Amino acid sequence: MAEYHKQLSSDAQKIPEHVAIIMDGNGRWAQKRSLPRVSGHREALKTIKRVTLEAQRLGVKVLTLYAFSTENWKRPKSEVDFLMKLPQQFLNTYLVELIENNVQVRVMGDMTRIPQYTMRAVSQAVEQTKSNTGLILNFALNYGSHSEIVSAVKKMVQDVQARKLDPESIDEDLLADYMLSPALPDPDLLIRTGGELRLSNFMLWQLAYTELYFTDTFWPDFNEEDLRKAVREFACRQRRFGGLNGKGGDNK
Ligand code: IPE
Ligand code: IPE
Ligand code: MG
């Protein structure tokens, strides 16, 4: 195992700097066991901890986890309530261990609709870990790309009206700064568990050149080896970014 980590990190370029995961399949995991859907969500917390620590060991710098989408409010209130209690439960159980591992917790999404107890737990975790220098664990909570883009446009228009922004200066980098992930590199690898082949309104701007990896494994069953398998597959992909060789461009 240690040998494996060494081997992977010896070629640091092949380790995705930013991994984003659509953690899907909790409900079906539970249904398969004749359990209520929420027990799948509860089980999911263990996977988050497992995958976070393994990502850190592999040398991943940023791990973004899609925890709740702007569309998930459509679910029955009892399930939404349960989901909104999970951040608090996760942090109560695992924050100490995350801190021991130097993990930095962040959150990305529209926080206006998040219940106070959820916000309190998340803000405390963000505050307590803000000086940590290890893996950035970024939770996408009440996140949706369309809402993110609408907010970015609104904010830009306001800044133009307030004469803080010259419309002529708007370019791709500037627009990226108005998104919810301004300080993070775009994901290199996107993993979706649970078998669906879609993005479900997740990081549409940021995923423009991300390598996509889909697995049928339900999120509660996803383990360290599954993550390593995805990273191995990533290492075999050739990224061209529209050129013939890679990011820097070929005409140098
Ligand atoms: C993912 O699992 C968790 C959230 C979307 C919050 P699901 O709850 O979507 O599980 P399935 O897709 O119904 O199995
Ligand atoms: C995507 O899963 C959202 C999260 C994992 C938080 P969904 O289960 O909500 O996606 P759809 O409805 O199948 O597209
Ligand atoms: Mg689902």
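**Working through the model**

Mentor: Thr215 is found in the loop between strand 6 and helix 8. Keep in mind that this is a predicted model.

Trainee: Is Thr215 buried or exposed?

Mentor: Thr215 has a relative accessible area of 13%, so it counts as buried.

Trainee: And what does Thr215 touch, not counting residues up to four places away in sequence?

Mentor: Thr215 touches Ile191, Arg192, Thr193, Gly194, Gly195 and Phe222.

Trainee: Back to strand 6, then. Which way do its side chains point?

Mentor: They alternate along residues 211-214.

Trainee: How many bridges join strand 5 to strand 6?

Mentor: Four, and the two strands run parallel. Leu190 stands opposite Leu212 of strand 6.

Trainee: New topic: Ser181. Where is it?

Mentor: Ser181 sits in the loop between helix 7 (172-177) and strand 5. Its relative accessible area is 7%, so Ser181 is buried.

Trainee: What is Ser181 in contact with, leaving aside neighbours within four places in sequence?

Mentor: Met108, Glu148, Met203 and Gln206. As for Tyr213, Ser181 is 32 residues from it in sequence and 21 Å from it in space, C-alpha to C-alpha.

Trainee: What span should helix 6 have?

Mentor: At 1.5 Å a residue, the 17 residues of helix 6 (residues 145-161) should span 24 Å. The end C-alpha atoms are 24 Å apart, which agrees. Helix 6 is followed by Arg163, whose phi is positive, near 60°.

Trainee: Now helix 5. Which of its residues are buried?

Mentor: Thr118, Ala121, Val122, Ala125 and Thr129. They fall within an arc of 90° seen down the axis of helix 5, so they line one face of that helix. They pack against helix 4 (77-100), strand 3 (104-108) and strand 4 (136-143).

Trainee: And the span of helix 5?

Mentor: Its 14 residues (116-129) should span 20 Å at 1.5 Å a residue, and the end C-alpha atoms are 20 Å apart, which agrees.

Trainee: What about the largest nonpolar core? Which residues touch the most other members?

Mentor: Ile21, Leu63, Phe90, Leu137 and Ile191, out of 44 residues in that core. The elements that give two or more residues to this core include strand 1 (18-22), helix 3 (37-58), strand 2 (62-69) and helix 8 (224-236). The largest share, 10 residues, comes from helix 4.

Trainee: Pick Ile21. What does it touch, not counting residues up to four places away in sequence?

Mentor: Val51, Leu63, Thr64, Leu65, Tyr66, Ile191, Phe202 and Trp219. There is also a second, separate core of 10 residues, which includes Tyr66, Ala140, Tyr143 and Phe202.

Trainee: Several rings there. How many aromatic pairs does a search of the whole structure find?

Mentor: Eight. Tyr66 and Tyr143 form one that is edge-to-face, 6.0 Å centre to centre with 80° between the planes. Tyr66 lies in strand 2 and Tyr143 in strand 4, so the pair ties together parts that are 77 residues apart in sequence.

Trainee: Are those two buried or exposed?

Mentor: Tyr66 counts as buried at 7% relative accessibility, and Tyr143 counts as buried at 0%.

Trainee: Where does Phe202 come in?

Mentor: Tyr143 and Phe202 form an edge-to-face pair too, 5.8 Å centre to centre and 85° between the planes. Phe202 is in the loop between strand 5 and strand 6, 59 residues from Tyr143. Phe202 is buried as well. Ring pairs link Tyr66, Tyr143 and Phe202 into a cluster.

Definitions and conventions: Residues are numbered from 1 along each chain as its sequence is written. Chains are lettered from A and ligands numbered from 1 in the order in which they are written. This is a predicted model: local features need pLDDT of at least 70, side-chain atom pairs count only at pLDDT 80 or more; totals for chains, interfaces and linings use all residues. Side-chain values use heavy atoms; hydrogens and water are left out. The expected span of a helix is 1.5 Å times one less than its number of residues. Buried means under 20% relative accessible area, exposed over 50%, partly exposed in between (1.4 Å probe, protein chains only). The arc is that of the directions from the helix axis to the C-beta atoms. Contact means heavy atoms within 4.5 Å. A nonpolar core is a set of buried Ala, Val, Leu, Ile, Met, Phe, Trp, Tyr and Cys residues joined through side-chain atoms within 4.5 Å. Two strands pair if DSSP finds at least two bridges between them. Rings of Phe, Tyr and Trp (its six-membered ring) pair if their centres lie within 6.5 Å; planes under 30 degrees apart count as stacked, over 60 as edge-to-face and the rest as tilted.
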